Amino acid sequence: TYFDPEHVVQVEITVDEEDWDLLRNESRTFFSEFMGDCMAQPFSNDYTTVPASVSIDGQVQPTVGIRKKGFIGSQSTEKPSLKINIDEYIVGAELFGVDNVTFNNAVQDPSLIRQCMAYGVFAKAGYPAPRCNFAHVWVNDNDLGIYAHVEPIKRSFLRDRFGNDDGDLYEGTLSDFRSQYMRTFAVKNLETDASLQPLIELMAVLEGGEATLTEIGEILDIDMFLTFRALESITGHWDGYNGNLNNYFLYRDPSTNKFVFIPWGLDDTFDPEALDSPPFVASVLAHTILQDAEGAERFERRVIELFDT
C-alpha cells in the first residue's frame with residue numbers, strides 16, 4: 001500500500017527552524033553549475049543534509065537526514081523537493097522496507113499528476129520504472145501541500161526489477177557516450193566501476209557512427225532501449241536521455257552483462273507544447289540505432305505495439 005497509486009502518503013517532518021531555513025534557501029544556478037570546466041566531472045550535489053524526525057503514515061523515525069533535491073528548474077524556497085535518508089544516522093534504519101525517500105514538489109507541473117502518469121505508462125509497458133504516488137507533507141506543522149512520492153533508484157528497486165543489486169549503476173546528467181559528455185556520469189553504488197570503463201567500452205563501439213546492431217547489442221539491451229526511446233517520446237519526456245541527455249540511470253545487469261536505461265525526472269512530461277512538437281533527438285545511441293535500417297524497423301514496430309496495447 002506504500003506506493004499504491006490510490007494512496008496519499010501522510011508525512012510529518014520536524015526539523016530545527018534554522019536548519020529548515022538553511023535547507024529551503026539553498027540553490028543551484030546556471031552560473032554555479034556551468035562555470036569553468038563543468039563537464040569534466042559529475043555535477044556536484046552540494047545541498048546540506050540536516051537532522052530531523054519524520055512520521056510517514058504514522059510510523060516514526062526520530063533521527064533521519066533531510067536535504068533539498070533538484071537541479072535547477074524544480075527549485076523552490078517555499079515548497080522544496082526533499083530527499084530523506086532514513087539511515088543517515090542509524091545504520092540499517094528503514095521505513096516500509098526502504099532507507100531513502102524522495103518527495104518531488106512538481107512545481108513544473110500545474111496538474112501535479114504528470115510524473116506519476118508518465119511512470120505509470122512505463123510500468124504498463126513492462127518497463128523497469130520507479131513507482132509513484134502522492135504525499136501530503138507537513139514541516140513543523142506547516143502544510144506544504146501535495147508532492148509526488150517517487151521510488152528512489154536504490155538496491156531495493158534493483159532487486160525488485162532485475163533480481164540483483166550488484167551491477168554497475170550510473171546516473172546521467174547531461175551525459176552521453178561521447179568524449180565531451182562522458183565525465184558527467186555519476187557512480188551510484190559501491191560495486192560500480194568508478195573508472196567508467198563499461199561506459200567507455202560502449203563509447204568506443206559508437207565512435208565513427210558505423211557501429212552495427214550486433215556490436216551495440218553485446219553491451220546494451222537494444223530491445224529495452226527501443227522501448228525506452230519510444231516511451232520517452234510518447235510521454236513527451238523532452239528532458240530525458242534522448243532529448244536532452246538528462247534525467248536517467250543506467251544499470252548493467254550482471255545476469256546479462258548488458259546496460260538498461262531507467263527513467264527519472266519525469267515531472268515535465270505530457271506538456272502540450274512538447275507533445276505537439278516533433279521529438280528532438282540528441283543522443284548518440286538513438287541516432288546510431290535508428291540510422292540502421294533494421295534498427296529503424298524494430299523501433300517502428302515497437303512504437304506501434306505500444307500504442308496498440
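I looked up the aromatic pairs and found 20 in the structure; rings of Phe, Tyr and Trp (its six-membered ring) pair if their centres lie within 6.5 Å, planes under 30 degrees apart counting as stacked, over 60 as edge-to-face and the rest as tilted. I note that this is a predicted model, in which local features need pLDDT of at least 70, side-chain atom pairs count only at pLDDT 80 or more, and totals for chains, interfaces and linings use all residues. Residues are numbered from 1 along each chain as its sequence is written, and side-chain values use heavy atoms, with hydrogens and water left out.

I examined Phe225 and Phe261: their ring centres are 5.4 Å apart and their planes stand at 55°, so the pair is tilted. Phe225 lies in helix α7 (residues 222-234) and Phe261 in strand β11 (residues 258-263), so the pair ties together parts 36 residues apart in sequence. Helices (H or I, at least four residues) and strands (E, at least two) are DSSP runs, numbered from the N terminus. Both Phe225 and Phe261 are buried, that is, under 20% relative accessible area (1.4 Å probe, protein chains only). I also found the two in one aromatic cluster, whose members include Phe122, Tyr170 and Phe228.

I then turned to the sheet. Seven strands form a closed barrel in the order β1-β2-β3-β4-β5-β7-β6, with mixed pairing; two strands pair if DSSP finds at least two bridges between them. I traced strand β5 (residues 100-104), which is joined to strand β7 (residues 142-150) by three bridges, the two running antiparallel. Within this pairing, Thr102 stands opposite Val150 in β7.

Methods: Buried means under 20% relative accessible area, exposed over 50%, partly exposed in between (1.4 Å probe, protein chains only).
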